[in-house]
Amino acid sequence: MLGVLGGFAVVGAVILVGYLAGRLAIGGPQAGFTLNQVAFFVTNPALLFTVLADADLGAVFSEYVPIALLSSLAVAALYVALSRVLFRRPAAETAIGAMASSFVNANNIGIPITVYALGDPTLIAPVLLVQLLLLAPLYLTILDLTSSRKPSVGAVLTQPFRNPMIIASLLGVAVSGTGFRPPAPLWDSLALLGGAAVPMVLLSFGMSLPGSRPLRPGPDRLQVLTATALKTACMPVAAYLIAHHLFGLDGERLLGAVVVSALPTAQNVFMFASRYGRGIPLARDTVLLSSALAIPALVVVAAILA
């Protein structure tokens, strides 16, 4: 449990620095948006490439891959169904809500927790692969197409291959699969840029908080509550049912699958929302609330399954 608390403390400290920078208007009123743009087009692609290029794809393609995929899709589908009945929001906002309900913070919080609390960093790799290579292209394509006025068939087919984060992910998998190693100066440059990705996203998120009022009265409140409830409560339950009853996992393997599913909403959801200018309050508030509820959720999971 100390590992869980330590992971949240590190992330919270960087967000706090971003909040203070936003309150002091360091960099001007558009500084947070600018950091988000740089993260989307530069640092996050560099991080994704280096992480996936270094990954042992044979080790991470385990039963955790279908568990992560099925649990995420099940919760996202539930959000979409509720959205059609309760919210009736446009496709872009619905996509952001589905992501907020089902995208776990695999990088910023997941890696520290799997390392320090579970002692097995490979537990988070399948989730990263599922989110980066399967789910992110789907959601980003939806956001791209709903941000365009008249998408053509060619635009639909080529959209995933024109997104820098998807391109970087595919290249990383190709490098890992072929065993090719980029020249050291190029690799070191990409690693240096990738090292700035997580703090840049966290700082940008913190800078968006001054003046924000989570759960303020308005059309976003019910969406935020719904996405937070699905992410915090429903997704761990879905992961448990799929892992235990469909794949027969128990013991530490089952605990690992459920703990990873109980992680809070990824800050990347806020980055995507900011990049496209859709569903920003929904993404921001869900990240905040799910992060606040993640520790008690993880305590409950550990108490039941450990």
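Colleague: How do the residues of the lining of the second largest cavity divide into nonpolar, polar and charged?

Modeller: Bear in mind that this is a predicted model, where local features need pLDDT of at least 70, side-chain atom pairs count only at pLDDT 80 or more, and totals for chains, interfaces and linings use all residues. Residues are numbered from 1 along each chain as its sequence is written, and side-chain values use heavy atoms, without hydrogens and water. A cavity is a set of points on a 1 Å grid over the protein atoms alone where a 1.4 Å probe fits but cannot get out, and lining residues have an atom within 4 Å of a point. Counting Ala, Val, Leu, Ile, Met, Phe, Trp, Tyr, Cys and Pro as nonpolar, Asp, Glu, Lys and Arg as charged, and the others, Gly among them, as polar, the lining divides into 11 nonpolar, 6 polar and no charged.

Colleague: Which element gives the largest share of that lining?

Modeller: The second largest cavity has 17 lining residues, with Ala 68 and Ser 71 among those nearest its centre. Helices here are DSSP runs (H or I, at least four residues), numbered from the N terminus. The largest share, 5 residues, comes from helix 4.

Colleague: Is Thr 226 buried or exposed?

Modeller: Thr 226 sits in helix 12, residues 220–246. Buried means under 20% relative accessible area with a 1.4 Å probe and protein chains only, exposed over 50%, and partly exposed in between. Because its relative accessibility is 12%, Thr 226 counts as buried.

How values were computed
Helices (H or I, at least four residues) and strands (E, at least two) are DSSP runs, numbered from the N terminus. On a 1 Å grid over the protein atoms alone, a cavity is a set of points where a 1.4 Å probe fits but cannot get out, and a pocket is an open set with protein on both sides within 12 Å along at least five of seven lines; lining residues have an atom within 4 Å of a point.
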